[in-house]
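Reader: I am new to this structure and would like to go through it with you. May I start with a single residue and widen the view from there?

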Amino acid sequence: MTYSLHFVLLLLAAAGVAGFFGALLGVGGGIFIVPAMVLAFRLPMKIAVAASVVSVIATSNAGGSSYVDQRITNLRLAMFLEVLTTTGALTGSVLALYLNEWVMSLIFAIMLGYMAWAAYTTRKLDDERIASGDFARAQPDRITGYLGLRGSYHDLAASKDVEYVVNGAPVGMSIAYLAGITSGLLGVGGGVLKVSAMNRYMNVPMKVSVGTSKLMIGVTAAVSSILFFLAGLIHFFVVAPVALGTTIGANVGTLVMNRLHSVVLKRIFTVLMLYLAYEMFAKALELGFHWHLPSLG
Amino acid sequence: MPDRTSSLVTPPEPPDTEENVYVDVYRLLIAGMIVSSILFALGIVLSLLHPLYIPLSTRWVRSQYHVTTVVHGIMHGDPTAILLVATVLLILTPVARVVVSIVAFLVDHDYKFVVVTSIVFLVMVITVILGELGLT
């Protein structure tokens, strides 16, 4: 690989756009930057995944710190679920070391398809749950009761303090483990899974779920990064523009996020993710079986 | 049989020092992000001043893992060493966050969460051991 100004600027720009879009969508840049590195820059899948997972730490630091600042994260809940996400990340990154690149590309394509579906079907139940006080009335389960997992935050939109009692630990823990595997295997943050685990199954308000997830992502990605680093998969010269670009992109994206209308954005991203899913699927067939599907790009 | 109802009726009081935990975590995340970003930018600029061919192999990457090489490289403004340090720093930021949290929970006398957070740290240690054992 010749490290030219051309290569660096393009990779920096791609990572910046990925980080920006990721922040707008409320996910990390991983789901965009990995396909960009593999499809456009023709980097090996494993190098791309390793570089992406390090950049996920950078975006988690960027996004997570602003959420910590707003006090809408639940540090204890984050630590509790991190036991599962880090174990999952270790599982996923070990898998990434041994799986064929075409299998990883195929799994990535499937994940993109799921993400497109998840972005399309996002529900907006939170407002009703806040208004009715459902979050506060829930009964904790054995585990969350023992750990005293609960909390409250001030919701600016509803202009009231929202209390919530965490429950549904078994389901939440299972999804958190799965999110960890996804993160380690595919180099993404796995935020969508973590947020859905907390918001849909653990009675955690959306804003707290998002903030807490951002905080967890960095610790989860650190575990996969440690393993990839020791394996020599983290190529500094690839990581540098990717991490720098996503950090800048994510920071700008977080700034403008609240000023944009999200419904139109989600439709656009759904199409983009379906397109990337198709291209990664084609890449998997090409790497695994030398079959060439027509490119849409 | 453990008394479960008492923990339902009287949940643990939120500790007073929770605010401090948040402040510590916040500063740590910001510091890690800023310092590693500056080093990444510096490394990129330096490497572009003297363009070179870089092998895309894991063997080449791992051949850089020598403390003396890195220290020597930093002294002489070698971009490889600077980028390596930036990468390690970035990876260590969340690790440091976990360690800070263990200490903060200890200060709070919140021993349940000292245990929970220590398990997370243990997973990190196991990862290092597995990585070292399986890859050398």
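Author: Let us begin with A:Gly88, which touches A:Tyr177, A:Gly180 and A:Ile181, leaving out residues up to four places away in sequence. Please keep in mind that this is a predicted model.

Reader: Where does A:Gly88 lie?

Author: A:Gly88 lies in helix H4 of chain A, which covers residues 75-98.

Reader: Is A:Gly88 buried or exposed?

Author: A:Gly88 has a relative accessible area of 0%. Buried means under 20%, so A:Gly88 counts as buried.

Reader: How far apart are A:Gly88 and A:Val223, in sequence and in space?

Author: In sequence, 135 residues separate A:Gly88 and A:Val223, while their C-alpha atoms are 9.4 Å apart in space.

Reader: Back to the helix, then. How do the axes of H4(A) and H9(A) cross?

Author: Helix H9 of chain A spans residues 169-186, and its axis comes within 6 Å of the axis of H4(A), with a crossing angle of roughly 35°. The crossing of these two helices is right-handed.

Reader: Which residues meet there?

Author: On the H4(A) side they include A:Leu84, A:Gly88, A:Gly92 and A:Ala96. Among those on the H9(A) side are A:Gly172, A:Ala176, A:Gly180 and A:Gly184. A:Tyr177 and A:Ile181, two residues that A:Gly88 touches, are also part of the H9(A) side.

Reader: Why do you give both an angle and a distance?

Author: Two packed helices are described by the angle between their axes and by the distance between those axes.

Reader: What about H2(A) and H5(A), then?

Author: Helix H2 of chain A (residues 30-40) and helix H5 of chain A (residues 101-120) have axes that come within 11 Å and cross at roughly 140°. That angle makes H2(A) oblique to H5(A). H2(A) passes H5(A) in a left-handed crossing.

Reader: And which residues meet in that pair?

Author: From H2(A) there are A:Gly30, A:Ile31, A:Val34 and A:Pro35, and they meet A:Phe108, A:Met111, A:Leu112 and A:Met115 of H5(A).

Reader: Could you describe chain A as a whole?

Author: Chain A has 13 helices and two strands. Of its 297 residues, 61% count as buried. Its accessible surface comes to about 11300 Å², and carbon and sulfur atoms supply 65% of that.

Reader: Which residues is B:Ser47 in contact with?

Author: Apart from neighbours within four places in sequence, B:Ser47 is in contact with A:Tyr3 and A:Phe237 in chain A, and with B:Leu52 and B:Pro79 in chain B. B:Ser47 is placed in helix H2 of chain B, residues 18-49. With a relative accessible area of 0%, B:Ser47 is buried.

Reader: What pLDDT does chain B average?

Author: Chain B averages a pLDDT of 80, and 81% of its residues score at least 70. Over residues 1-16 of chain B, however, the pLDDT is below 50, and this stretch has nine contacts in the model beyond near neighbours in sequence.

Reader: Which elements of chain B have the lowest and the highest mean pLDDT?

Author: Helix H1 of chain B (residues 4-9) has the lowest, at 40, and helix H6 of chain B (residues 111-135) has the highest, at 92. Where pLDDT is low, the predicted coordinates should not be read in detail.

Note on methods:
Residues are numbered from 1 along each chain as its sequence is written. Chains are lettered from A and ligands numbered from 1 in the order in which they are written. This is a predicted model: local features need pLDDT of at least 70, side-chain atom pairs count only at pLDDT 80 or more; totals for chains, interfaces and linings use all residues. Side-chain values use heavy atoms; hydrogens and water are left out. pLDDT is the predictor's confidence in each residue, from 0 to 100. Helices (H or I, at least four residues) and strands (E, at least two) are DSSP runs, numbered from the N terminus. Contact means heavy atoms within 4.5 Å. Axes are lines fitted to C-alpha atoms, for helices over the stretch in contact, and angles run from 0 to 180 degrees between N-to-C directions. Angles under 35 degrees count as roughly parallel, over 145 as roughly antiparallel, 65 to 115 as roughly perpendicular and the rest as oblique. A crossing is left-handed if the near helix is turned anticlockwise from the far one by less than a right angle, and right-handed if clockwise. Buried means under 20% relative accessible area, exposed over 50%, partly exposed in between (1.4 Å probe, protein chains only). Accessible areas come from the Shrake-Rupley method with a 1.4 Å probe; for residues, only the protein chains shown count as cover.
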